[in-house]
Amino acid sequence: MAKSPEQEHPTKAFGWAARDPSGVLFPFKFSRRATGEKDVRFKVLYCGICHSDLHNIKNEWGFSTYPLVPGHEIVGIVTEVGCKVEKVKVGDKVGVGCMVGACHSCDNCANDLENYCPKMIFTYGATYYDGTTTYGGYSDVMVSEERYIVRLPDNLPLDAGAPLLCAGITVYSPLQHFGFTKPGMHIGVVGLGGLGHVAVKFAKAFGVKVTVISTSPNKKEEATEHLGADSFLVSRDPDQMQAAMGTMDGIIDTVSAIHPLLPLLGLLKSQGKLVMVGAPDRPLELPVFPLLMGRKIVAGSCIGGMKETQEMIDFAGKHNITAEVEVISMDYVNTAIERLEKNDVRYRFVIDIGNTLKAA
């Protein structure tokens, strides 16, 4: 007979979990494994609320299992390390992002692309090597294999640094991979939400020209004056879009809603690249003719490998890049989820786990 979540492992743990696709979170007792020889255990202090948490707790992508403890922007302080752990020690500031395992034998893993491993294990809602369910960061304690631990720079605030473990690497990786970091380049960022605002910060730190493309004219001041974008395009304004045709080397599209791609392809120069990092739940329409007439590329990108994630966090520390966050208490989480559904957040909720998660 299967053991209950509370009895699966030797170490008691406590968090908040969804029990069904209603998406309502409740206090939840479960357990974490003992610290293995290559494991790092840490006390969770903060955890960001990612838009994919919302999709998962409501089973909008169709593969959620319950009970589900969300959270993959997890930061805290190391409390125990296994005997073969080399890169962190007790007391260090660390984090865990979207994954906690992979096969470590495929080409992707060999090339530091664990995020594209066919057997990649998500931080929550997945099956771990031992057959047990993985539980995320809306909880008091985390245990992870050292390979999936990210060391956080001392100057990076934990609350505003937590969302970088998902939102940060999601935009940093395509900026790097598709060559959008060369000075003099002109890069568009579609959507000024949790992903988009971080994309603007990283792109500006690389020294490129950045244009924010948004349906909301009221975000212009925020984009240009606060986040440092060079220009702002209202995607629903045909005159503005027409004037910007053929001016961009690349575009990072962070939007998760259904939206037209044709206007975005028009903004690209010949041989420009449109890179999708948002995840709409229904297929988008892709007009092929504009691709042919400019040798343009539509691509996708999903987080990054562990080596690149560490590089991203180190770069963020060097350039003082953080997410814009609203820190909330654990018992506010269901209200925060409702607000996130309405895009009523600037730009990322972060749960203060260390001070507000109270065991039942």
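The largest nonpolar core of this predicted model has 60 residues, and Leu164, Leu175, Val200, Phe202 and Ile313 have the most contacts inside it. A nonpolar core here is a set of buried Ala, Val, Leu, Ile, Met, Phe, Trp, Tyr and Cys residues joined through side-chain atoms within 4.5 Å; buried means under 20% relative accessible area, exposed over 50%, and partly exposed in between, with a 1.4 Å probe and protein chains only. At least two residues of this core come from each of β3 (39-49), α4 (167-177), β10 (186-190), α5 (194-206), β11 (209-214), β12 (231-234) and α10 (306-318), where helices (H or I, at least four residues) and strands (E, at least two) are DSSP runs numbered from the N terminus. Helix α5 supplies the largest share, 7 residues. Phe202 touches Leu164, Gly168, Val171, Tyr172, Leu175, Met312, Phe315, Ala316 and Ile321, residues up to four places away in sequence not being counted; contact means heavy atoms within 4.5 Å. A second, separate core of 44 residues includes Ile121, Tyr128, Val141 and Phe349.

Next comes the pairing of α4 with α10. Their axes come within 10 Å and cross at roughly 100 degrees, so α4 is roughly perpendicular to α10. The axes are lines fitted to C-alpha atoms, for helices over the stretch in contact, with angles running from 0 to 180 degrees between N-to-C directions; 65 to 115 degrees counts as roughly perpendicular, under 35 as roughly parallel, over 145 as roughly antiparallel and the rest as oblique. From α4, Gly168, Ile169, Tyr172, Ser173 and Gln176 meet Glu308, Thr309, Glu311, Met312 and Phe315 of α10.

Ser139, in the loop between β7 (121-122) and β8 (141-145), is buried, with a relative accessible area of 0%. Its side chain reaches the backbone oxygen of Gly136 at 2.8 Å. Beyond its neighbours within four places in sequence, Ser139 is in contact with Phe14, Gly15, Phe30, Arg32, Val44, Val69, Ile353 and Leu357. Phe122, in strand β7, is partly exposed at 40% relative accessibility. The C-alpha atoms of Phe122 and Met99 are separated by 4.3 Å, the two residues being 23 apart along the chain. With neighbours within four places left aside, Phe122 is in contact with Cys98, Met99, Val100 and Thr134.

Residues are numbered from 1 along each chain as its sequence is written, and side-chain values use heavy atoms, with hydrogens and water left out. Local features need pLDDT of at least 70 and side-chain atom pairs count only at pLDDT 80 or more, whereas totals for chains, interfaces and linings use all residues.

Notes
A polar contact is a pair of N or O atoms within 3.5 Å; within protein, one must be able to donate a hydrogen and the other to accept it, and residues adjacent in sequence count only if both atoms are side-chain atoms.
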